[in-house]
Amino acid sequence: MTNNLNAGRNLINTGNLKYGLLYGCVNYTSRALAMSGVLNVNALLPVTAPVLLNLELAIRNLGIYASPYLIQ
């Protein structure tokens, strides 16, 4: 996916990379995370905010750290 974005193609390599209100860097990051298995609300929203994505990932990390299965 990173190679596609660096080459100017969209995430699934079906066309050119678009920019604008609905195609910002946070949108692409959210969709890439969703495609790789990290669920987030931003991937479903048309316009997203970096603060919301960072908050979601911080809450996810806290949940992972608090998991009793990961404490040794």
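Is Leu-52 buried or exposed, or partly exposed, and what is its relative accessible area?

A: Leu-52 is partly exposed, with a relative accessible area of 34%. In these terms, buried means under 20% relative accessible area, exposed means over 50%, and partly exposed lies in between, with a 1.4 Å probe and protein chains only. The model is predicted: local features need pLDDT of at least 70, side-chain atom pairs count only at pLDDT 80 or more, and totals for chains, interfaces and linings use all residues. Residues are numbered from 1 along each chain as its sequence is written, and side-chain values use heavy atoms, with hydrogens and water left out.

Leu-52 belongs to helix α3, which covers residues 50–65; helices are DSSP runs of H or I with at least four residues, strands are runs of E with at least two, and both are numbered from the N terminus. Together with Val-41, Leu-45, Leu-55 and Ile-59, Leu-52 makes a nonpolar surface patch of about 420 Å². Such patches consist of residues with over 30% relative accessible area and no salt bridge, like charges being joined within 9 Å and nonpolar side chains (Val, Leu, Ile, Met, Phe, Trp, Tyr) within 5 Å. A salt bridge is a side-chain nitrogen of Lys or Arg within 4 Å of a carboxyl oxygen of Asp or Glu. The areas come from the Shrake-Rupley method with a 1.4 Å probe, and for residues only the protein chains shown count as cover.

Helix α3 also holds Glu-56. Glu-56 is buried yet has no salt bridge, and the nearest side chain of opposite charge, Arg-60, is 8.9 Å away; Lys and Arg count as positive and Asp and Glu as negative, while His and the chain ends are not counted. Beyond four places in sequence, Glu-56 is in contact (heavy atoms within 4.5 Å) with Asn-40, Val-41 and Asn-42.

Helix α2, residues 25–35, contains Ser-30, which is buried with a relative accessible area of 0%. With neighbours up to four places away set aside, the contacts of Ser-30 are Asn-40, Asn-42, Ala-43 and Leu-53. Leu-33, also in helix α2, is partly exposed at 21%, and touches Val-38, Asn-40, Leu-53 and Leu-57 when residues within four places are not counted.

As to the whole, the protein has three helices and zero strands. Of its 72 residues, 24% count as buried. The C-alpha atoms fill a box of roughly 45 × 20 × 15 Å along the principal axes.
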